[in-house]
Amino acid sequence: MKSMFNLKEIAHWPAAKLSAALLYTLLALTAVVFCAFFLIGFNHPSDEDPNFLEPRLTAVVLVFVGVVLLVTLVLAVVSVVRSLRVRDKERNVVNGIPVARIGLATSLLFVACMVLTFVLGSSKPMHINGVRYADSLWLKAADMFIFTAIILLLVAIIAVICSNVRNAKSRR
């Protein structure tokens, strides 16, 4: 009996075909997990307060999200390391654009932004819905992600505007 997927064949798939297959697989898994989450009863008593009911599959969703996040982070690190190792050193400048320097600067600025926003993040306890949140590590981490996302969005908007102004000047 022939298998539907042969691992030797998959290893030789082009990147676009492999990416599409992984995307569709991830979308299908996500749809199944979240459909099960919403369709399989909300009558499970909460561990923290039995007066409140929560979905039965809350733990499944949390584990799924954690696994996807972990796999994504591992693949991102592996991809960066692999691309740095196999990069052609002669391709540091492409069409007069210093792509290697831009990539390195972008990576370093991202890491610096994450560190800076973590250090400057607030660890002041918060009261939300009557519950006190005082874990300084997670409060600072939340600030780090929020402020880094805002900074990166602003940088992207500024880059698009500058690019459009530069292109408009060069067309004249």
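This is a predicted model: local features need pLDDT of at least 70, side-chain atom pairs count only at pLDDT 80 or more; totals for chains, interfaces and linings use all residues.

Me: Why is the protein chain called more spread out than a compact globule?

Reply: The chain holds five helices and four strands, in the order α-α-β-β-α-α-β-β-α from the N terminus. Its radius of gyration is 23 Å, whereas the globule rule gives 16 Å for 172 residues; the value is well over the rule, so the chain is described as more spread out than a compact globule. The C-alpha trace spans about 65 × 60 × 35 Å along its principal axes.

Me: How many of the residues in the protein chain are buried?

Reply: Buried residues make up 10% of the 172 residues, the cut-off being under 20% relative accessible area. The chain exposes about 14600 Å², of which carbon and sulfur atoms supply 71%.

Me: Why is L18 called partly exposed?

Reply: The relative accessibility of L18 is 32%. Buried requires under 20% and exposed requires over 50%, so L18, at 32%, counts as partly exposed. L18 lies in helix α2, which covers residues 15–39.

Me: How do you know which residues L18 is in contact with, leaving aside its neighbours within four places in sequence?

Reply: Contact requires heavy atoms within 4.5 Å. With those neighbours left aside, L18 is in contact with I10 and W13.

Notes
Residues are numbered from 1 along each chain as its sequence is written. Side-chain values use heavy atoms; hydrogens and water are left out. Helices (H or I, at least four residues) and strands (E, at least two) are DSSP runs, numbered from the N terminus. Buried means under 20% relative accessible area, exposed over 50%, partly exposed in between (1.4 Å probe, protein chains only). The radius of gyration is taken over C-alpha atoms; the globule rule is 2.2 Å times the number of residues to the power 0.38. Accessible areas come from the Shrake-Rupley method with a 1.4 Å probe; for residues, only the protein chains shown count as cover.
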